[in-house]
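Visitor: I would like to go through this model step by step. Could we start with how the chain is divided and then turn to the ligands?

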Amino acid sequence: MIGGSLVLSKPDVLAAAPLHPFFRQALDSLYTVHDRTHQTDPQAFAALAPRIVAVAATGEAIVPGSLLRQLPQAKVVSVFGVGYDGVDVATAVELGLPVTHTPGVLSDDVADLAMGLVLAVGRQIALADQFVRAGRWPQGPLALGRKVSGARMGIVGMGRIGQAIARRAQAFGMSIAYTTRTVKADLPYRHVADATALARESDFLVVITPGGAATRHLINAQVLQALGPSGFLINVARGSVVDEQALIEALQKGTIAGAGLDVFADEPRVPEALWTMPQVVLTPHMASATTQTRQAMADLAFANIRAGIEGQSLLTPVPEWVAAHPR
Ligand code: NAP
Ligand code: 8YV
């Protein structure tokens with residue numbers, strides 16, 4: 001009691017990573033958010049952990065099982081992002097702790113950026129911008145680019161986002177093939193056995209699988225060799241899916257023509273070798289970074305966390321949780 005009135009404390013939520021303001025503001029309205037206390041003040045966290053009712057994370061967040069095991073009252077881990085490779089989902093499922101993510105609401109944006117990177121590397125848009133700004137135009141034209149319309153696109157991963165990319169590529173008159181572990185028989189695109197075979201027949205190889213151990217270095221030196229000196233690699237998935245050292249070597253030696261990269265192995269650090277390569281376009285993991293989509297992600301991530309805390313049905317639990325809890 002303070003001054004005769006009862007002060008009710010808000011439930012405690014742990015932010016496992018820096019949160020987008022849209023998500024953070026929604027959380028602040030109902031909960032007390034502890035921003036990475038497990039990392040910044042382990043002593044305070046030891047006292048706080050038994051009270052934490054939920055974990056708010058992002059697609060880039062690392063949420064190890066050792067952290068989850070310290071949270072006996074946690075009712076949900078809500079990821080602001082569709083990828084959740086940093087969350088130890090196996091331990092969460094073992095603990096009976098649901099994990100949710102934000103599928104679908106960001107697919108259009110990620111596909112838009114993938115196409116943007118295809119156009120940027122093929123048509124040298126970033127390089128051309130620098131060319132004009134540096135006053136080099138009067139000295140002669142920029143070297144010719146690579147035609148995008150009608151080119152061959154290979155898509156590694158054909159889920160929600162892969163399909164959104166394919167639809168856009170179709171509008172550019174591109175031929176589309178893809179590789180996944182299981183054939184998507186309902187789709188009008190040709191399935192290819194593996195990434196190496198797909199690379200061999202692609203002008204633009206677009207990577208859009210989940211990250212994590214199962215896809216680590218799926219794109220390796222052999223795949224890049226198969227892509228060849230006129231092929232471009234686009235990665236909007238996770239940095240871990242591409243062997244970054246092999247990619248740098250392939251770019252340095254001209255084994256491939258160029259690359260458009262939104263994700264990196266050790267974000268936000270990007271290997272300096274890539275900074276000066278004219279055939280490379282680099283973006284800072286921003287494929288879902290529009291006001292509209294970040295609001296939709298925040299709304300869904302918040303709705304999931306609230307549902308988890310209040311014991312309601314979760315909106316979008318991750319597939320591992322659904323598989324472990326069939327209705
Ligand atoms: P999704 O619907 O689950 O699709 C994933 C696809 O990857 C499926 O077609 C799956 O098919 C395939 N796949 C999984 N493992 C594979 C493997 N080893 N080899 C080949 N294909 C494999 O997911 P989504 O919504 O499209 O999102 C995909 C990923 O995009 C996310 O997990 C995240 O990592 C990334 N992402 C990045 C950004 C960004 O900002 N750059 C934004 C959003 C998402 P099979 O299971 O049949 O193999
Ligand atoms: C976000 C992402 O950048 O959804 C994903 O998997 O990687 C991106 O949409 C991220 O989750 C926001 O931090």
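**Domains and ligands**

Guide: In this predicted model, the protein chain is divided into domain 1 (12-104 + 292-324) and domain 2 (107-282).

Visitor: How many residues does the contact take from domain 1 and from domain 2?

Guide: The C-alpha centres of the two domains lie 31 Å apart. Contact here means heavy atoms within 4.5 Å. By that rule, domain 1 gives nine residues and domain 2 gives eight residues.

Visitor: Why do Arg238 and Asp85 count as a salt bridge?

Guide: The rule asks for a side-chain nitrogen of Lys or Arg within 4 Å of a carboxyl oxygen of Asp or Glu. Across the interface of domain 1 and domain 2 it finds one salt bridge. Arg238 and Asp85 qualify because their closest N and O atoms are 2.9 Å apart.

Visitor: How many polar residues are on the side of domain 1 that touches domain 2?

Guide: Four residue pairs are in polar contact across the interface of domain 1 and domain 2. The side of domain 1 that touches domain 2 has two nonpolar and two charged residues, and its polar residues number five.

Visitor: How much of the accessible area of ligand 2 does the protein cover?

Guide: There are 13 residues around ligand 2, and among those that come nearest are Glu60 and Arg238. Oxygen atoms of ligand 2 lie 2.7 Å from a polar side-chain atom of His285 and 2.8 Å from a side-chain N or O atom of Ser288. A backbone N or O atom of Phe80 also lies 2.8 Å from an oxygen atom of ligand 2. Of the 330 Å² that ligand 2 has on its own, the protein covers 90%.

Visitor: What share of the area that ligand 1 exposes when taken alone does the protein bury?

Guide: Ligand 1 is surrounded by 27 residues, with Arg160 and Lys184 among the closest. Polar side-chain atoms lie 2.8 Å from an oxygen atom of ligand 1 in Arg181 and 2.4 Å from one in Thr182. A side-chain N or O atom of His285 is 3.2 Å from an oxygen atom of ligand 1. Taken alone, ligand 1 exposes 930 Å², and the share buried by the protein is 87%.

How values were computed. Residues are numbered from 1 along each chain as its sequence is written. Chains are lettered from A and ligands numbered from 1 in the order in which they are written. This is a predicted model: local features need pLDDT of at least 70, side-chain atom pairs count only at pLDDT 80 or more; totals for chains, interfaces and linings use all residues. Side-chain values use heavy atoms; hydrogens and water are left out. A residue is near a molecule or strand if one of its heavy atoms lies within 4 Å of it. A polar contact is a pair of N or O atoms within 3.5 Å; within protein, one must be able to donate a hydrogen and the other to accept it, and residues adjacent in sequence count only if both atoms are side-chain atoms. Accessible areas come from the Shrake-Rupley method with a 1.4 Å probe; for residues, only the protein chains shown count as cover. Domain bounds come from an automatic or database domain assignment. Ala, Val, Leu, Ile, Met, Phe, Trp, Tyr, Cys and Pro count as nonpolar, Asp, Glu, Lys and Arg as charged, and the others, Gly among them, as polar.
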